[in-house]
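Hi everyone, thanks for making time this morning.

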Amino acid sequence: MKIKAISVEGFGVLSDKKATFSEKKINIILGDNETGKSTLCAAIAAILYGFANKEADRRRSWGASGDYKGLLQVGIQNKDYIIERDFTDNHVKVTCGIKKEDQEILFDGDANPKGRTEQPRAFRKLLDDLGFPPETVFRSAVYIGQLDLEIEINDELRQQLSGAGKADYLKALEELRKDYYSLTRQGLPGDNPKRVDKKLEEARAKKLALVDEYELARSHSSDSAKVEKELDASIHHSQELENRIIEFNFEKKALDEYLACLKERDALNQRIKLENQQKERIERLQKSINEDEHQLSGERFSALNSLPEAYLQALESYVQSDAEERIREIQGISDQEKQIISDLNDNKYLGFSAVPDDTGSILKKIIEEKKSGDDFEKQTTVIRQETKKLSLLLPILLLVGAGLLGAVAGSILSSLLHIRMIIGISIGLLIFDIITGILVGFVLLNQNRKLHNEKNKRLNAQAQLDEKRAVFQDLLKPIEPIVQANNGTDVSFEILAERWTQYQKLQQKLASVQERRKVLSERDIFKIRDDPKLKSIIESSPAASLRDRLKDFRALKTKLDTNRENLQNNESIPFSITSGENPDNRFRELVILINELEKKHTDFASFQTDQRAGGLRQSSLQKEQETLSVDINTSNDTIRSLQVRQGQLQVSFYRPPLLIQEEIQNVDTEIQRVEVRISAQKIAIEALGEAISEYEESHLSRLSKWVSAYFAKFTDGKYEQVEIVPGERPQITTNKGVIVEPELLSTGAQDQLFFALRLAIADILSSELSLPLILDDTFVNFDEKRLSIVHLVLDKIIESRQIILLSHNPDYKDWSGCLINI
Amino acid sequence: MVKFLHLADLHLGATPLYLGDRAQERSKDYLNAFQRAVDYAIDPSNSIDAVLVAGDFFDIPNPPQEIIRFTTTQLKRLEQAKIPVIVTPGNHDAIGAAESIYRNSSIKGLMKIIESPQVEHFKSFVFNGETVYLYGMAWDVQSKPPFDTFQKLNEDGYHVAMIHGTLQGGLFTESHSREIPLELANLAKSGMDYIALGHIHKYQQKSIGKSLIVYPGTLESRRFTPGEEGDRYLVVVTLEKKKAPKLEQLKWNCKTFQVEKLDLDHETAESEEELANLIKAKFGSNEKFLRLELVGSPSFIISQDSLATRLSGDFYWLEIQDNTNAFDSVLTETWAREETIRGLFVRKLKHKLEGVESDEEKQQLELALKLATQVFQKTGQRS
């Protein structure tokens, strides 16, 4: 690595400074104090690594307000890189290449040295990749200032020396060990195995558990087999019996199946027949339906077919009601009605219509009253006549009678007494006349009293008769129209009454006829007859014909509906349609099965024709089985315990060995993987451990060797050997073999010792990429002789490393180098 | 014409534990694949007559209740569609195992299970008026060889055999158990129209004589064993009179297993980030299980863990096998020239490598170098 040029702005005393450096000669920068030599050195580090905290402000040129930045051009392995840093915000741009057209920007962003974000990290990585050492190493091995030559081999430096800072090998070793411990409990030699993880151990334990499970699962299977063997041995007899039972079973099963097949085949056959019949029936039904439908749509029925059911029923009721007869009846009734009306209009019923309905009873009363009046009048007349007869006739009759009787009695007496007849007659007459006179007097008296009574009676009767006549007249009033109509005729009340009765009857008859006519007229048939939908049908043909038509239509309809219903009915549909199963296929399967069974059991074929024989064979097999079963039961008692054991074995919770095997394979793969890894890890740990110790040893001895060589050169062989031990001060051995502590050396010799150490360190770190050497008034304490030796050494070093020497001492002008003024 | 689905190795209920948190999610993929196959079967437009499962229907003989419930639902759907399901038990769901699902469960009635330990005629089915004679065997400890020699019935119709076994000379046989070895020549002698095999997880087909022998493979891959990578297929078989069986392969997997090798000598990736981008661009997919082997001598040292972390969001599952040669890398060679501890370390390992012959030791040394390099880089990064 070569620093080719630097330019800074606003950086301390260097407000705007540029410098270019030689790669092949020692760059000698001379200047008095405060001219900016150290500032230039600081600028190189600052451009690369930035400032720590407030250093940036401190380094800024006093009073400057312009740019504050630096640019470093370095050459690394034949490539030029430009690193530009703005110190105000730590923005850095790294480009590769000088010519603009070839330039490649490697980084452009924040490069804060304390930054933790992606950009600063990326910048640090870029520096690392380009071969720049960490800042601390830069400051100890690249930059060697004045008065601070002493250096301690700290951890970071040691790591750099042992691996160019690319990795922390102790940490790496620890990581490898940690990984190793995470895999196995077997510790590495000298380690405490208790703190370790145990992946391998876990995997192995898992495998062991799985193997155990597998063995158990397998032994469970083999146990079962063992028990089965024992069973086989101990029940050999039973086995035979069982075999026989199995044979029987086999035969029986086959026979059962065979007979079942036969049965099913026959049933299926039947079913197929039935189905065919049903198919035919359906076809017939369908045909009939088609015909019927055709017929219904024909001339005879089309009109009826289009009628709604209610109309059809109406039509039916119409044709069933014998409508024409009714119509004729109505006609007759009308005639009858006319006759009655004409009868009622006869003269003999004149006025009848104007009298009240109770005329009959009035007439009856009139007749009764009249008769009673007439009787009364007669009685009065009789009384009167009898009264007349009483006054004359009786006394006369009595006298005549008495005279006759006296004459007769006098004659009889004269004869008896032989007196003259005249005297006897006279005496008889006298006596009888006296008696008669007395009697006549009585009679007359009585007659007179009677007459008086009759007279009273007649007077009474007359009064009553008059009263009756008045009543009669009252009775006549309501029937006045009749009476008047018949006035002047000899029509008696009796006749009137009789006529009234006739009249009443006619009236009743008329009412009844009218009622009948009304009833007949009001019947539905007339409505039906007049319905516009039905009228044309009714009128189109006589009722009888229509009736037949309707009847036929109904029959046809019913037949059609029944057929349709039958067709729709599930049961009437063939099985193959409903079940979705093709009986033909099944039938063929059965036939095949039957043939197969017959081939295996030749005796079965005879059961085809005689299934009953098959049944008998079945039961005989059954019986034989039962007999064998009894024998087996006896044997089974002896082996039951074994079966219990077998049963116990069957109830297991083991997974199938196959699955366990698969898992074991997986675990095996894992174990194998871990084992390989463990071995690899172990190899890595051992090899790294070896490499570390070997390298530490080698690089320290190399460091010691190189330091010794430089120091011997600087002291002109006075000190032969320097031994570097990390963490301790270097041990110096003189050419006389005396070990000297560094503190005992002179200040100049101490400076030379540490300069030698730094050169050696830089040499080691430059093995991969040569680092420049910046010497800032490093040799203040060197005497002339030793300075000339240094000169020689530097002339040698310049062959592989760039050197920049800064000093206030003008003597350096005499050195062969490239003089740079600032 | 008879059309059926040929399934095998569904491994219902399998939980790929190596997937950790994703194991359950992946387990559901297997169930979904079967459910989709059922959807396909019951779709009337596909006219599927039957479903054949040639072994390893379930991952274990006695799967958990939820798997039984799920399968029951699916089988009921097929039953409703009048599609019979014929199953031959495999080595994973062996019928002879304790509490085998094929013997104890209510699900048994929804399948026609081949129980014979030897290959023989099992049942005949008539589909669309055509007869299919099915032969097969159940994987069982009692099964005895030969498994590939069996008698065909002298009947007209299609003859189909179902066996869960290993076809000698077939692909990927080394990664599967070989208890049921099958000779191609013997199978050919059986005169079957179609032999539905199961056990090998990769689709394969062979025609010999008039027989077509097919492994349908899984519907979803299970793990990185040979034959599990690439697409998976639903195999639809059509048998037609006087015609060779017709096969239809429908891509069925929702996730794909891929095994790749990336030779970094032929790639330009100068850093882990660039390598990650390269891998992402070449293979990245969230529906992919990728096993990537890195070989060659990259200019940087690969950290397998760190690379995997970078790519974790770009794959459903990623396994990186770093077989790069660290010793030949530019970085290692640069270091080897250094007079530093790491230079010395590298030289030491190189020296050891020269004296080593076994691959195992070479592998250890490679890894040792990589591990140390990673640690150097980690500890060397100063803030």
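Predicted model: local features only at pLDDT ≥ 70, side-chain atom pairs only at ≥ 80, totals over all residues.

B:Asp9 sits between strand E1 (2-7) and helix H1 (23-42) of chain B. Its phi is near 50°, a positive value in a residue other than glycine. As a reminder, most residues other than glycine have a negative phi. Is B:Asp9 buried or exposed? B:Asp9 is buried, with a relative accessible area of 2%.

There is another residue of this kind. B:His199 is not a glycine either, and its phi is positive, about 120°. You'll find B:His199 in the loop between strand E10 (194-198) and strand E11 (204-208) of chain B. B:His199 is buried as well, at a relative accessible area of 5%.

While we are on backbone geometry, have a look at B:Pro145 and B:Pro146: the peptide bond joining them is cis, with omega about 0°. B:Pro146 belongs to the loop that runs between strand E6 (130-136) and strand E7 (158-164) of chain B.

That brings me to E6(B) itself. Seven of its seven residues are buried, so the strand is largely enclosed by the rest of the structure. Both faces are covered: B:Glu130, B:Val132, B:Leu134 and B:Gly136 are buried on one side, and B:Thr131, B:Tyr133 and B:Tyr135 on the other.

What are its strand partners? Strand E5 (residues 120-127) of chain B runs antiparallel to E6(B), joined by seven bridges. Within that pairing, B:Phe125 has B:Val132 as its bridge partner. The hairpin of E5(B) and E6(B) has two residues between the strands, and B:Asn128 takes a positive phi near 50° there. E7(B), in contrast, runs parallel to E6(B), with five bridges between them. Here B:Tyr133 is paired with B:His159.

Still in chain B, let's turn to a helix pair. Helix H7 (residues 330-337) and helix H8 (residues 341-354) of chain B pack with their axes 7 Å apart, at an angle of about 110°. That makes H7(B) roughly perpendicular to H8(B). On the H7(B) side the contact includes B:Trp335 and B:Arg337, and on the H8(B) side B:Val346 and B:Lys350 are among the residues they meet.

Now over to chain A. It has 24 helices and 14 strands, and buried residues make up 40% of its 822 residues.

The piece I'd like to show you is an open sheet of six strands, in the order E2-E1-E4-E5-E6-E7 (chain A), with antiparallel pairing. Strand E2 (14-20) and strand E7 (104-110) of chain A are at the edges, each with a single partner strand, so one side of each has no neighbour in the sheet. From one strand to the next, the twist averages 10°.

At the E2(A) end, six bridges join that strand to strand E1 (residues 2-11) of chain A, and A:Glu9 stands opposite A:Asp16. Helix H1 (residues 37-49) of chain A lies across E1, E2, strand E4 (69-76) and strand E5 (79-86) of chain A, at about 100° to E1(A). Helix H3 (residues 118-130) of chain A also packs on the sheet, touching E4, E5, strand E6 (91-96) and E7 of chain A.

That's my tour, and I'm happy to take questions!

Technical notes
Residues numbered from 1 in each chain as written. Chains lettered and ligands numbered in written order. Heavy atoms only, no water. Helix = DSSP H or I, 4+ residues; strand = E, 2+ residues; numbered from the N terminus. Buried < 20%, exposed > 50% of the residue type's maximum accessible area, 1.4 Å probe, protein only. Pairing = 2+ DSSP bridges. Axes fitted to C-alpha atoms, helices over the stretch in contact; angles between N-to-C directions. Contact = heavy atoms within 4.5 Å. Parallel < 35°, antiparallel > 145°, perpendicular 65-115°, else oblique.
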